[in-house]
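Please consult the sequence and the structure shown below while reading.

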Amino acid sequence: MAPSLPTSILLLLAVAFTVAAATSTSPPAPEDGIRVVSAEKRIDLTGPIVKVYLTLKVHNQATGSDASHVLIAFTPVEAQHLAIVKATRAEGKRKKKVYMPLPVEPVDLAANAPDGARLYSVSLSAPLRPSETTTMEVFYVLTHTLEPFPAEITQSESQLVYYRDSAVLLSPYHVLEQVTYVKMPSNRVESFTRVDPTARSGPEVKYGTYKDQLPYAYSPILVHHENNHPFAVVAELVRKVEISHWGNVQVTEQYKLKHGGARHKGVFSRLEYQSRQSISGASSFKNLLARLPPRVHSVYYRDEIGNISSSNLRSDSHKSELEFEPRYPLFGGWHCTFTIGYGMPLQDFLFESEDGRRFANLTFGCPLLNTVVDDLTIKIVLPEGSKSPQAVVPFLTEQHLETSYSYLDVVGRTTVVLKKKNVVGEHNVPFQVYYEFNPVFMLAEPLMLISAALLFFVACIAYLHMDLSIGKSQAS
């Protein structure tokens with residue numbers, strides 16, 4: 001008979017197995033001792049994109065340990081529509097107070113919080129020691145969260161939308177005091193959920209002040225209000241940037257634009273739209289504004305039919321603005337496609353790094369204002385002969401390399417492809433593409449042209465000196 005283990009060893013093994021199982025399935029525990037002393041949440045619904053501003057006063061209790069990060073929570077729906085999250089920390093006092101940016105990263109999905117909440121970790125620049133308090137500013141953007149209701153409207157009706165959120169802050173920490181403000185674009189508010197204390201002042205609704213909220217507390221609210229801002233959604237944007245060391249950067253942008261608001265029903269009347277523009281088609285849009293880099297040239301705007309002349313360009317050494325109109329106004333559910341192209345001087349965007357590599361300093365995102373890009377693709381076509389390309393983008397993107405061919409190319413041009421979904425205006429930040437380039441490759445195309453010209457002249461000379469006539473041979 002095999003010897004049996006002592007009872008105490010069996011108990012220790014059982015406890016260890018239970019703790020390991022609980023650790024592998026439970027979410028990451030927040031820092032011990034962290035409490036949110038006060039929280040202020042401001043929800044901006046004045047445009048087609050929802051912007052939320054959080055001010056958190058965080059305290060580390062005397063019994064806690066040093067805290068290196070602070071967790072923020074989102075519902076599964078918010079996490080699905082979350083475009084960008086930024087955080088800053090207040091340092092200094094009064095007039096010398098500055099806000100330092102903090103890195104924000106999602107927590108492993110395998111360790112989700114209760115009720116499916118998604119956690120993001122804000123790394124502090126300096127650990128928060130016991131008995132210390134700090135103030136954080138969190139900003140995030142939500143897209144496609146305004147739900148049109150009714151889903152279909154006529155040309156003369158206003159656009160009403162639903163917005164769903166929580167009156168209290170969803171947080172993994174104990175919140176001692178908090179208040180939530182919801183700001184809408186107009187005074188027309190059809191209805192809103194009341195969670196006492198609730199007060200309304202014009203286009204703004206205040207929820208709170210609420211005290212002593214437990215971790216992951218949630219109180220759903222629904223706001224039904226008017227929002228006639230055009231819901232401009234770029235379903236797909238493909239931007240191609242061709243870099244030439246001969247002095248020019250050529251940019252081509254192909255847009256698939258749609259109106260993402262309440263769908264239009266009934267017959268469209270051009271006469272009513274022109275005569276009653278303040279009432280008819282209030283949520284439609286007939287013009288767009290694109291902010292292009294400074295000193296652009298050779299700008300064109302066209303669609304599948306041809307060039308569109310209804311555009312106006314204002315350009316100087318600081319900025320360029322292109323205001324243009326589609327061929328027809330866009331109502332809810334309507335689509336259009338068009339192309340914008342322009343050139344830029346090379347010396348404004350191409351530089352040389354300290355290690356000898358060259359890099360192009362470009363701008364990410366979409367130049368159209370107040371738009372959401374569902375699928376963005378940026379292709380940076382480097383000069384032929386470029387090696388070891390490296391793209392440095394300040395946020396997560398999908399990257400890969402491909403080869404493009406153009407006129408007089410032999411081995412093709414290395415192309416850096418960047419892809420990102422759910423892009424908003426806050427993504428319009430500079431990024432760099434580094435690569436190695438031997439200047440000898442600049443002589444390839446001129447030598448090919450010179451060689452072709454010489455071969456042509458040699459062929460012409462040979463042709464002129466050749467006798468191709470048929471004649472009788474002389475008798476010997």
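The chain has a mean pLDDT of 86, and 91% of its residues reach 70 or more; pLDDT is the predictor's confidence in each residue, from 0 to 100. The model is predicted, so local features need pLDDT of at least 70 and side-chain atom pairs count only at pLDDT 80 or more, while totals for chains, interfaces and linings use all residues. Residues are numbered from 1 along each chain as its sequence is written, and side-chain values use heavy atoms, with hydrogens and water left out.

**Confidence along the chain**

Helices (H or I, at least four residues) and strands (E, at least two) are DSSP runs, numbered from the N terminus. Residues 1-28 have pLDDT below 50, and this stretch has 10 contacts in the model beyond near neighbours in sequence; a contact means heavy atoms within 4.5 Å. Where pLDDT is low, the predicted coordinates should not be read in detail.

**Nonpolar cores**

A nonpolar core is a set of buried Ala, Val, Leu, Ile, Met, Phe, Trp, Tyr and Cys residues joined through side-chain atoms within 4.5 Å. Buried means under 20% relative accessible area, exposed over 50%, and partly exposed in between (1.4 Å probe, protein chains only). The largest core has 54 residues, of which Leu45, Val50, Leu56, Ile72, Val138, Tyr140 and Tyr207 touch the most other members. Strand 3 (residues 67-74) supplies the largest share of this core, 6 residues. Not counting residues up to four places away in sequence, the contacts of Val50 include Leu45, Tyr140 and Tyr163. A second, separate core of 47 residues includes Ala232, Tyr255, Ile380 and Phe395.

Leu418 is located in strand 30 (residues 413-423). Leu418 counts as buried because its relative accessibility is 0%. Beyond residues up to four places away in sequence, Leu418 touches several residues, among them Phe364, Leu376, Ile380 and Phe431.

**Salt bridges**

Side chains of opposite charge can pair when their charged atoms come close. The whole structure holds 21 salt bridges, each defined as a side-chain nitrogen of Lys or Arg within 4 Å of a carboxyl oxygen of Asp or Glu. Three of these pairs are listed here.

| Pair | Closest N to O distance |
|---|---|
| Lys41 and Asp165 | 3.0 Å |
| Glu323 and Arg314 | 3.5 Å |

Lys41 lies in strand 1 (residues 34-44) and Asp165 in strand 11 (residues 160-166), so this pair ties together parts that are 124 residues apart in sequence. Both Lys41 and Asp165 are buried. Arg263, in strand 19 (residues 263-264), and Glu152, in strand 10 (residues 152-153), tie together parts that are 111 residues apart in sequence. Arg263 is partly exposed at 43% relative accessibility, and Glu152 is partly exposed at 36%. Glu323 is partly exposed, with a relative accessible area of 31%, as is Arg314, with 36%. A network of salt bridges links Arg291, Arg314, Lys319, Glu321 and Glu323.

**Cysteines**

The structure holds 0 disulfides, a disulfide being a pair of cysteine sulfur atoms within 2.5 Å. For Cys336, the closest cysteine sulfur is that of Cys366, at 12 Å, which is too far for a bond. Cys336 counts as buried at 10% relative accessibility, whereas Cys460 is partly exposed, with a relative accessible area of 31%.
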